[in-house]
Amino acid sequence: MKVCVVGTGYVGLTTGVSLAFLGHEVTCVDLDQAKVDMLRAGKCPIYEPGMEELLAEASANLRFTTSYADAVPGADVVFVAVQTPSAADGSPDLQYLRSAAESVAHALDHDFTVVVNKSTVPIGSGNWVDAILRDSFAQRADRPAGVEFAVASNPEFLREGNAIADTLFPDRIVIGSDNPRSLEVLNRLYRPIINQTFTAPTFLPRPEDATAVPLVSTDLASAELIKYAANAFLALKISYVNEIGQLAAKVGADISEVARGMGLDQRIGSRFLQPGVGWGGSCFGKDTKALIATASEYNLEMPIVKAARDVNQRQRAIAVERLQDELRILKGRKIGLLGLAFKPNTDDLRDAPALDIANSLLARGARVKLHDPVAAERFRKEQPELAPYLTESLDELFADCDAVVLVTEWAQYLELDWSKFVGLMRNPLVLDGRHVLDGERMRRLGYKYVAVAG
Ligand code: NAD
């Protein structure tokens, strides 16, 4: 089938490259000329494991452009995957979506095109996009006859760092539309994934337990709500274990053991039950805020979701409080942060806990050194005020340090030869912000080991 993808960020690029890999003819359009130039050269503008390999494997079916006129005409499906950041009042800023919908409407020329919201958009946005498409199309002096289109929602559940596997071997696919023909088109588009009939990429073998993928084919509003409800649930699972972690610290229980004991119950499950400095990234914060904003339009409170957000914000403050408890005075202390990206295997720094922790330490007069194995370059560009504190050298980070905080659980840090660094520190305190280091081992090596909770 012929596919257009609008936006080549984490979601759009993964969608476009994966569909091209499956044999669809894909054109990706982005307004960012530099991104398009890189992609045309086979280079990936984001850090996402396997993406450059998949770009190479899919290249015969894949084009990149900045022109809607090159991308939309003839497309059976147009995915819109532009950013939807939070506006000042917490509701999502839909200006990129509006502009993309207008541009799509000006280029539509096909007898039937499904325009799919892949961005995470508030409930009701499908109808809103439909209205923009119809108004913009009606205003076209050159509008061709016989053009039909309908809007669908196909929320994205990929995890950065695991985006390709999550797309090719997903837990489920959700499609929603009030137009049956759209659902049929999307069902056909995704058939190779639903039935797992494609040959897996050379670098990413099909998981042994991969089976047919459940398809949730539903109405527009339900598909839109599924995305928010799922993200908010994952967010509150993390906040729940962190709340229990605070009690664990008081009563002398080990929260990692508590989480393990809980997670082995199959009704609960162990995933997203990891205590620590909490979630970050571009989705959970924004999507929980948007869910609360939508609910308030209907005079509904979302007390559970609100509490999950408060607990998460508190975890970042608790990390600094733990340092203060240990060091008493933060002024003048040198504190190293290991990890800046909001999670491992990505260079995404949006709403990363490390940013709040670093700023809070600086505000208290501490000196900081910052390290990340992958996100440092992006950090330099996006956080110019904190960039002077970056170091590429772990020796420099540990030297004369009063405390080191593990903020992002990169494999490099877990596999570090910690024995090499203990002697460099002025005070060998390690605060484990993710509860992933072996506390006993760290103590044997001479560190004072503390975790954020418990
Ligand atoms: P992103 O910021 O990485 O990418 C958005 C891209 O859209 C950018 O390259 C930008 O240049 C381009 N763009 C903006 N306006 C445009 C326009 N009018 N025409 C063409 N291109 C345009 O964003 P992302 O992380 O890929 O997220 C996209 C959406 O998917 C958001 O709604 C997000 O909430 C949702 N989502 C993200 C993730 C994730 O892990 N990143 C997961 C699930 C859902």
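Which residue of β11 is the bridge partner of G336? It is V404.

## Model and numbering

This is a predicted model; local features need pLDDT of at least 70, side-chain atom pairs count only at pLDDT 80 or more, and totals for chains, interfaces and linings use all residues. Residues are numbered from 1 along each chain as its sequence is written.

## The parallel sheet

G336 and V404 are bridge partners. Their strands, β9 (residues 334-338) and β11 (residues 403-406), pair in the parallel sense over four bridges. Strands here are DSSP runs of E with at least two residues, while helices are runs of H or I with at least four; both are numbered from the N terminus. Two strands pair if DSSP finds at least two bridges between them.

The sheet is open and holds five strands, in the order β10-β9-β11-β12-β13, with parallel pairing. Its edges are β10 (367-371) and β13 (448-451), each of which pairs on one side only. On average, neighbouring strands are turned by 20° against each other, direction ignored.

## Helices α12 and α13

The axes of α12 (residues 284-297) and α13 (residues 303-327) come within 10 Å. They cross at roughly 150°. Axes are lines fitted to C-alpha atoms, for helices over the stretch in contact, and angles run from 0 to 180 degrees between N-to-C directions. The crossing is left-handed, meaning that the near helix is turned anticlockwise from the far one by less than a right angle.

T288, L291 and I292 of α12 make the contact with V305, K306, A308 and R309 of α13. Residues are in contact if their C-beta atoms, placed from the backbone, lie within 7 Å. By class, the contact has four nonpolar, one polar and two charged residues. Ala, Val, Leu, Ile, Met, Phe, Trp, Tyr, Cys and Pro count as nonpolar, Asp, Glu, Lys and Arg as charged, and the others, Gly among them, as polar.

## Annotated binding-site residues

An unreviewed UniProt entry gives the annotation "binding site" to D30, K35, T84, T120, E160, K286 and R350. Such annotations may be inferred rather than shown by experiment. These residues are spread over 321 residues of sequence and, in space, up to 24.3 Å between C-alpha atoms.

K35 sits in helix α2 (residues 33-40). K35 counts as buried because it has 21 C-beta neighbours inside 10 Å; the cut-off for buried is 20 or more other C-beta atoms within 10 Å. Beyond four places in sequence, K35 touches T8, D30 and P45.

T84 lies in the loop between β4 (77-80) and α5 (95-107). T84 is buried, as 24 other C-beta atoms lie within 10 Å. Leaving aside neighbours within four places in sequence, its contacts include D93, Y96, S119 and T120.

Definitions and conventions
Contact = placed C-beta atoms within 7 Å. Buried ≥ 20, exposed ≤ 12 C-beta atoms within 10 Å, placed from the backbone.
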